[in-house]
Amino acid sequence: MSSIPKIVILGAGYGGILTAQRLQKELNYNEADVTLVNRHDYHYITTHLHMPAAGTDSIEHTRVSISKLIDEFKIDLVKSSVQEIRLHDKKVILEDGTLSYDYLIIGLGGEPETFGIPGMAEYAMSIRSINSVRLIRAHIEYQFAMYKNEQRPQERINFIVGGAGFSGIEFVAELADRIPKLCKEYDVDPALVNIYNIEAASSALPGFAPELVDYAVEVLQKKGVTFKFGVAIKECMPNGVILSTGEEIKSATIVWTGGVRGNRLVESAGFETMRGRVKVDEYLRAPGYENIFIIGDNSLIFNGDKPYPPTAQMAMQQGVSCAQNIVASIRGKELRKFEFHHKGTVASLGKGEGIAVVGDKKYTGFKAAQLKKLVDLRYLFIIGGIPLVLKKGRFI
Ligand code: FAD
Ligand code: NAD
């Protein structure tokens, strides 16, 4: 190792930003060189993406310039796309250069998992980045415009959301809130519009508290969502989907929220993975590598015999812990085991509605919606203090 260790963080998502911020706080002057690599010069708040996707909030509430979150005198920000991780050479290949590392933190986030469903990767859109949600929003508006300029084809105003996990439910709720406004703007009778949420399991939000699931389904049905439970999407086409029942639903808009996997770059680096996620050790290191930490949606940690679901709160806590362990490692001190503290789950159901579980308490409706806002504001405060809360926070 060189006299000043080189630390490279890949990805400025929830995990990467928290790692960078904690390193910049804990490292002394000249103790290490830290480089943060991200495809964009902004950090996006993934947990908000369903809103700009449906068009119920602006993109600008959902992203923050990374230079506002880190001290560029302490951390070098490289805006580039990672192409390859070369473990044996201790190098990362970028689209426009190469970086060497002594310590590597992989926080590249997840990718949609299509399970090889024919046509899904080609014809469905997914909620995964600022660019992908811009496309969904523009596509939905375009369907309304086309509907009035063609012979009123029903598929233009049929909308399909594949998967009723948290992403599907939160997006379908926003879409249901947006449709009446689009109908008004484009002079379309709301009674003609269909929103389908198709879920392979027997209910929405599999595994979540049943009374909260029932509440969510009822709220969304009242907003005009048609659920199909126990029915899987078998094929996706440019103009609709085929279901496991053989039924075909015509639609020009298919948004896939059927699952996530780890980043393919992690797999191709040669790590052993389960759907792109690496089972990390108790210090968040990749098996066999004392200098490589894997966090967020690319890591896999078991809670008993089941893996923890990939969430922002997991990525954030891992970011802090891995930064502390890297500092400890540089200083020759003992590393600390990572322990996840589950703070609760809150899901939005559109304007003024939500469901939440915090400890053994369950919340629905306005209270849950307020909790969701609090969680969002808390995150802005953690990464950017009061100025960011005032700039990007949504209080109403
Ligand atoms: P991410 O936050 O995804 O960040 C990865 C970063 O890496 C991004 O900045 C990306 O641009 C960058 N990157 C990717 N590939 C490259 C490359 N090749 N080169 C350079 N940079 C690259 N979790 C919750 O706990 N609560 C919620 O309410 C919640 N809501 C969600 C809503 C939606 C719609 C979605 C999709 C997910 C939600 N999640 C939620 C899950 C949560 O967003 C993820 O678990 C979390 O973002 C994972 O953090 P991460 O740091 O691993 O990756
Ligand atoms: P998920 O894996 O949690 O849900 C995907 C859903 O799609 C499942 O219910 C699955 O049964 C269904 N599905 C899979 N194949 C299907 C098919 N062929 N046809 C129909 N349905 C199918 O994925 P997600 O909702 O994107 O969530 C990803 C992660 O992000 C999870 O860990 C989740 O907890 C987290 N998240 C959390 C929040 C929140 O806390 N508010 C919001 C969004 C996402």
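This report describes a predicted model of one protein chain with two ligands.

## Basis of the model

Local features are given only where pLDDT is at least 70 and side-chain atom pairs only at pLDDT 80 or more, while totals for chains, interfaces and linings use all residues. Residues are numbered from 1 along each chain as its sequence is written, chains are lettered from A and ligands numbered from 1 in the order in which they are written, and side-chain values use heavy atoms, with hydrogens and water left out.

## Overall architecture

The protein chain contains nine helices and 26 strands. Along the principal axes, the C-alpha atoms fill a box of roughly 70 × 40 × 40 Å.

Of the 396 residues, 54% count as buried. Buried means under 20% relative accessible area, exposed means over 50%, and partly exposed lies in between (1.4 Å probe, protein chains only).

## Surroundings of ligand 1

Ligand 1 is surrounded by 29 residues, of which G15, N38, V82, D297 and A312 are the closest. A residue belongs to such surroundings if one of its heavy atoms lies within 4 Å of the molecule. By class, the shell around ligand 1 has 10 nonpolar, 16 polar and three charged residues. In this division Ala, Val, Leu, Ile, Met, Phe, Trp, Tyr, Cys and Pro count as nonpolar, Asp, Glu, Lys and Arg as charged, and the others, Gly among them, as polar.

Polar contacts are pairs of N or O atoms within 3.5 Å; within protein, one atom must be able to donate a hydrogen and the other to accept it, and residues adjacent in sequence count only if both atoms are side-chain atoms. A backbone N or O atom of G15 is 2.8 Å from an oxygen atom of ligand 1. For a backbone N or O atom of A312 the distance to an oxygen atom of the ligand is 2.9 Å, and for one of Y14 it is 3.2 Å. Taken alone, ligand 1 exposes 1000 Å², and the protein buries 88% of that area. Accessible areas come from the Shrake-Rupley method with a 1.4 Å probe; for residues, only the protein chains shown count as cover. Helix α8 provides the largest share, three residues.

The shell around ligand 2 holds 24 residues, and S167, E199, I233, P310 and V346 come nearest. It divides into 14 nonpolar, seven polar and three charged residues. Ligand 2 lies between domain 1 (6-110 + 262-342) and domain 2 (120-258), because both give residues to its shell. The domain bounds come from an automatic or database domain assignment.

An N or O atom in the side chain of E199 is 2.5 Å from an oxygen atom of ligand 2. The side chain of S167 places an N or O atom 2.8 Å from an oxygen atom of the ligand, whereas G258 has a backbone N or O atom 3.4 Å from an oxygen atom of ligand 2. Taken alone, ligand 2 exposes 850 Å², of which the protein buries 76%. The elements that give two or more residues to this shell are α5 (166-186), β12 (194-199) and β24 (345-348). Helix α5 gives the most, with three residues.

## Individual residues

R152 has a positive phi, near 50 degrees, in a residue other than glycine. R152 lies in the loop between α4 (130-149) and β11 (158-162) and is partly exposed, with a relative accessible area of 42%. R275 likewise is a residue other than glycine with a positive phi, near 45 degrees. The loop between α7 (264-268) and β19 (278-279) holds R275, which is partly exposed at 44% relative accessibility.

A32 is found in the loop between α1 and β2 (33-38) and counts as buried at 13% relative accessibility. The C-alpha atoms of A32 and M146 are 56 Å apart, with 114 residues separating the two along the chain.

Note on methods
Helix = DSSP H or I, 4+ residues; strand = E, 2+ residues; numbered from the N terminus.
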